[in-house]
Amino acid sequence: MGVLVGPTEWQHPLPFRVPSGMMQRNDTHGGPPTRGWPGEGAVRILLGEDEGLIALDLETVLVDLGYEVVGPMSSLAEVMAAAGDCDGALLDVNLRGELVFPAARVMLARGVPVIFSSGYDEAGQFPAEFRDVPRLMKPYDNSALRDLCT
């Protein structure tokens with residue numbers, strides 16, 4: 001998915017619509033997309049996952065793709081507290097028995113793109129406002145996440 005930045009377009013590796021002017025190419029180092037302010041560093045992805053091994057695996061894949069990972073966070077309270085400190089989020093729908101939708105609602109309202117990680121495979125199982133949010137279906141392998149992110 002291309003993201004328009006001025007007169008050029010670059011491929012943002014996550015299926016997020018990033019507001020124009022918020023991100024820029026990192027042509028200087030040939031690295032991943034960076035924030036639109038000099039010296040701000042790599043795009044920060046909040047990872048909400050309560051299963052330790054899955055969280056570690058997802059974090060590894062995201063770092064390998066060039067992202068800075070915020071977390072992993074294993075509870076809704078942690079995700080809510082960190083929601084203002086990320087450029088995108090990969091969120092397990094159910095964190096320790098709590099649905100993550102309140103945090104997703106806050107992030108989406110701020111224009112922060114979200115991907116849900118879920119074992120629920122039917123859009124009808126999600127509240128209507130989240131049915132169009134991209135989902136990474138469980139169980140999955142690393143190639144599923146890489147495919148979604150490229």
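Here is a short chat about the salt bridges in this predicted model.

Trainee: Hi! What should I know before I start?
Mentor: This is a predicted model, where local features need pLDDT of at least 70, side-chain atom pairs count only at pLDDT 80 or more, and totals for chains, interfaces and linings use all residues. Residues are numbered from 1 along each chain as its sequence is written, and side-chain values use heavy atoms, leaving out hydrogens and water.

Trainee: How many salt bridges does the structure hold?
Mentor: There are three. A salt bridge here is a side-chain nitrogen of Lys or Arg within 4 Å of a carboxyl oxygen of Asp or Glu.

Trainee: Which residue does Arg 105 pair with?
Mentor: Glu 129, with the closest N and O atoms 2.7 Å apart. Arg 105 sits in helix α3 and Glu 129 in the loop between β10 and β11, 24 residues apart. Helices (H or I, at least four residues) and strands (E, at least two) are DSSP runs, numbered from the N terminus.

Trainee: Okay, new topic. Which residues are linked in a network of salt bridges?
Mentor: Arg 44, Glu 68 and Asp 85. Arg 44 meets Glu 68 at 2.4 Å, N to O, and Asp 85 at 2.6 Å, N to O. Arg 44 is in strand β5, whereas Asp 85 is in the loop between α2 and β7, 41 residues apart.

Trainee: Is Arg 44 buried or exposed?
Mentor: Arg 44 is buried, at 15% relative accessibility. Buried means under 20% relative accessible area, exposed over 50%, and partly exposed in between (1.4 Å probe, protein chains only).

Trainee: And what about Glu 68?
Mentor: Glu 68 is partly exposed, at 31%. Asp 85 is partly exposed too, at 41%.
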